[in-house]
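Student: Hi! Can we go through this model together, one piece at a time?

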Amino acid sequence: MRPVKALVASQTGRMHAALGDERQAERRPGDADELVADGLGEDLPEWVAYFDAAEHAGARAAFARDLAGFGRRRKRASTHFEDALKLRKPGFDRVRVMDRVGLTAALFDEGEADRGAAAAQQALDDAARVDSTLVASRLNTLLDAARPYRTAAVDEVRTRAKDLAAARLTTIAA
């Protein structure tokens, strides 16, 4: 079944990236790229129906970010987050917010403080409208990525993110 193979390849790549295995992290998602490009089919079982090109782009963003953490950066995570946002279908509000927060953190990590601060405003506006412990926990990732910057715009982002996280206390580690 194509969607299951694509899902497994995508998530396996993500796991290899988390372990710092760049070769496997690039190979597995490449397999998923081909399967997603050829189409995943219609009328899929509910447990796999969520997996689509947007979800795969989000997984690619996560492992690009993970590999960058190991000092291995081939493609910018922000590019994959932007792809995921373009591809996301209506009805995935929480995941869209997590993509926006991820995009913001990626921009900060990539040295683009001004773009990150601008993207953060929309991410935080959207996060305020979604009641999600997972989204609240992801704000820690944004705050960590913003840590090196000391500008008025980034300070405002930091304040808003801290206030929003405090309003939605979470015990989940980011």
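Student: How far apart are the end C-alpha atoms of α6, and what should its 17 residues span?
Tutor: The end C-alpha atoms of α6 are 24 Å apart, which agrees with the 24 Å that 17 residues should span at 1.5 Å a residue. The expected span is 1.5 Å times one less than the number of residues. Helices here are DSSP runs (H or I, at least four residues; strands are E, at least two), numbered from the N terminus. Keep in mind that this is a predicted model: local features need pLDDT of at least 70, side-chain atom pairs count only at pLDDT 80 or more, and totals for chains, interfaces and linings use all residues. Residues are numbered from 1 along each chain as its sequence is written, and side-chain values use heavy atoms, with hydrogens and water left out.

Student: How many residues of α6 are buried?
Tutor: 14 of the 17 are buried, so α6 is largely enclosed by the rest of the structure. Buried means under 20% relative accessible area, exposed over 50%, and partly exposed in between (1.4 Å probe, protein chains only).

Student: And what follows α6?
Tutor: Glycine 111, with a positive phi near 85 degrees.

Student: Switching to charges, how many salt bridges does the structure hold?
Tutor: Eleven. A salt bridge is a side-chain nitrogen of Lys or Arg within 4 Å of a carboxyl oxygen of Asp or Glu. One of them pairs glutamate 110 with arginine 76, at 3.0 Å from N to O. Glutamate 110 lies in the loop between α6 and α7 and arginine 76 in the loop between α4 (53-69) and α5, so the pair ties together parts that are 34 residues apart in sequence.

Student: Is glutamate 110 buried or exposed?
Tutor: Buried, with a relative accessible area of 14%. Arginine 76 counts as partly exposed, at 30%.

Student: Which other glutamate does arginine 76 meet in a salt bridge?
Tutor: Glutamate 112, at 2.4 Å from N to O. Glutamate 112 is in the loop between α6 and α7, so this pair ties together parts that are 36 residues apart in sequence. Salt bridges that share partners join Arg76, Glu82, Glu110, Glu112 and Arg115 into one network.

Student: What does serine 78 do with glutamate 110?
Tutor: Their side chains are joined by a polar contact of 2.6 Å. A polar contact is a pair of N or O atoms within 3.5 Å; within protein, one must be able to donate a hydrogen and the other to accept it, and residues adjacent in sequence count only if both atoms are side-chain atoms. Serine 78 lies in helix α5 and is buried, with a relative accessible area of 1%.

Student: New topic: how many aromatic pairs does the count come to?
Tutor: One. Rings of Phe, Tyr and Trp (its six-membered ring) pair if their centres lie within 6.5 Å; planes under 30 degrees apart count as stacked, over 60 as edge-to-face and the rest as tilted. Phenylalanine 108 and tyrosine 149 have ring centres 5.7 Å apart and planes at 35 degrees, so the pair is tilted. Both residues are buried.

Student: Last one: where is arginine 88 found?
Tutor: In the loop between α5 (77-87) and α6 (93-109). Arginine 88 counts as buried, at 9% relative accessibility, and a polar contact of 2.7 Å joins its side chain to that of aspartate 99.
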